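Subject: Structure handover

Hi,

Here is the structure I promised to pass on. Have a look at it first, and my notes follow below.

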Amino acid sequence: MKAKRNDVLYGVPFSLFLLFGCDICYNSYMKLRAYGKINLSLFVTGRLGRLHTLDSIMTTVSVFDELTVTEADEVSVVFSNADISRTDNTAYKAAKLVEEECGLKLAVGIKKGIPIGGGMGGSSADGAAVLWAAEKLAGADIKKLAPKIGSDVYFMTIGGAARVRGVGDVVEPIDFCGSFDAFAIDAGSVSTPECYKLYDEIGGSGKPNTNDELCRALARGELSEALLVNDLAPAAIRLCPNIAYELDHFAAIGLNAHVTGSGGCIFAVDRGGSKPLVGARPLSYLPYGVEEVL
């Protein structure tokens with residue numbers, strides 16, 4: 001059977017046959033969206049070995065990476081639009097762990113949409129999507145492996161709103177009955193290890209942990225900006241001065257912006273009627289972290 005470039009075989013784009021060979025079949029091919037996150041709050045609470053422990057309120061938002069996942073003869077991860085190592089990334093780590101745990105070998109294609117090094121969990125989202133797909137394909141409880149892969153991965157498999165503690169292994173979903181929109185700007189890339197290293201040197205926000213109060217507010221469907229605190233913001237700004245520049249831009253139009261994760265993306269909650277900055281990306285809250293695209 002001959003196929004043209006845009007033909008579809010057994011429900012699968014022919015281009016994927018060229019990329020992954022004859023290992024693809026209709027029942028083993030999945031197309032996914034892996035959504036990013038923002039940290040509404042982030043407090044560093046201590047250390048566990050080499051890792052910092054956190055108390056953070058995270059929510060899934062509408063920026064996403066696109067993934068294709070299929071069973072194959074060997075594990076592989078290919079990025080179509082980013083210069084990222086095919087083996088030194090969270091998606092590959094997740095796929096190799098799946099292979100070790102249940103013998104399922106996956107070929108993964110990723111198109112990045114979540115800013116790289118922006119503190120929006122793009123790498124963790126990819127790892128979460130691989131686990132999500134593997135669980136569907138294998139019919140086994142594979143998401144439980146998430147804490148072995150990365151600190152945000154477990155939350156990203158669930159999505160919505162949650163309080164995440166420890167090294168990401170304690171995830172407490174929040175029954176957030178509301179919604180919110182926001183604007184985000186990618187102010188630059190920040191290395192997460194470097195951000196934590198600098199945090200150890202200069203400290204954090206110096207503000208008290210208000211996550212109990214923030215959880216109660218979210219449960220009422222409210223989002224109080226006075227409770228949005230990030231201990232990593234001072235270090236992120238020091239490493240990427242453009243963050244401070246963009247924070248000032250938001251302030252000039254009457255919006256309070258906040259650093260998410262270890263930076264360098266910042267976000268401001270849209271209170272309605274706000275005029276976004278040029279280049280700002282609109283975001284919306286989502287109650288899930290991964291979804292299959294048919």
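Predicted model: local features only at pLDDT ≥ 70, side-chain atom pairs only at ≥ 80, totals over all residues.

Let's start with Leu 228, which sits in the loop between α6 (211-219) and α7 (233-239). Despite being in a loop, Leu 228 counts as buried because its relative accessibility is 7%, and the cut-off for buried is under 20%. Not counting residues up to four places away in sequence, Leu 228 touches Leu 40, Leu 214, Leu 223, His 258, Phe 267 and Val 269. Its C-alpha is 9.5 Å from that of Val 259, which is 31 residues away along the chain.

His 258 turns up again in the surroundings of Cys 265, a residue of strand β11. Cys 265 has a relative accessibility of 1%, so it counts as buried. Leaving aside neighbours within four places in sequence, its contacts include Pro 115, Gly 118, Met 120, Ile 185 and Val 259.

β9 (residues 181-186) pairs with β11 (residues 265-269) in the antiparallel sense, over five bridges, and Ile 185 stands opposite Ile 266 in β11. β9 also pairs with β12 (residues 281-286), again antiparallel, over four bridges. There, Phe 183 has Pro 282 as its bridge partner.

On to the helices. α3 (residues 122-138) has 17 residues and reaches 24 Å from its first C-alpha to its last, close to the 24 Å expected at 1.5 Å a residue. It is mostly covered, with 13 of the 17 residues buried. Just after α3, Gly 139 takes a positive phi of about 65°.

How many aromatic pairs does the structure hold? There are five. One of them is Tyr 35 with Phe 64, an edge-to-face arrangement at 5.6 Å centre to centre and 65° between the planes. This pair links distant parts of the chain, with Tyr 35 in β3 (residues 30-48) and Phe 64 in β4 (residues 51-71), 29 residues apart. Tyr 35 counts as buried at 5% relative accessibility, while Phe 64 counts as partly exposed at 23%. Another pair is Phe 180 with Tyr 285: the ring centres are 5.8 Å apart and the planes are at 35°, so this one is tilted. Phe 180 lies in the loop between β8 (170-173) and β9 and Tyr 285 in β12, so the pair ties together parts 105 residues apart in sequence. Both Phe 180 and Tyr 285 are buried. Ring pairs also link Tyr 35, Phe 64 and Tyr 288 into a cluster.

A search of the whole structure finds 11 salt bridges. One of these joins Asp 55 and Arg 163, at 2.8 Å from N to O. It connects β4, where Asp 55 lies, with β7 (residues 161-166), where Arg 163 lies, 108 residues apart. Both ends are covered: Asp 55 counts as buried at 5% relative accessibility, and Arg 163 counts as buried at 7%. The two are also part of a salt-bridge network with Asp 212.

Glu 101 and Lys 148 form a salt bridge too, with the closest N and O atoms 4.0 Å apart. Glu 101 is in α2 (residues 90-102) and Lys 148 in the loop between α3 and α4, so this pair ties together parts 47 residues apart in sequence. Glu 101 is partly exposed at 46%, and Lys 148 counts as exposed at 54%.

Lys 37 is among its contacts, along with Met 58 and Ser 124, once neighbours within four places in sequence are left aside.

Cheers

How values were computed
Residues numbered from 1 in each chain as written. Heavy atoms only, no water. Helix = DSSP H or I, 4+ residues; strand = E, 2+ residues; numbered from the N terminus. Buried < 20%, exposed > 50% of the residue type's maximum accessible area, 1.4 Å probe, protein only. Contact = heavy atoms within 4.5 Å. Expected span 1.5 Å × (residues − 1). Pairing = 2+ DSSP bridges. Phe/Tyr/Trp six-rings, centres within 6.5 Å; stacked < 30°, edge-to-face > 60°. Salt bridge = Lys/Arg side-chain N within 4 Å of Asp/Glu carboxyl O.
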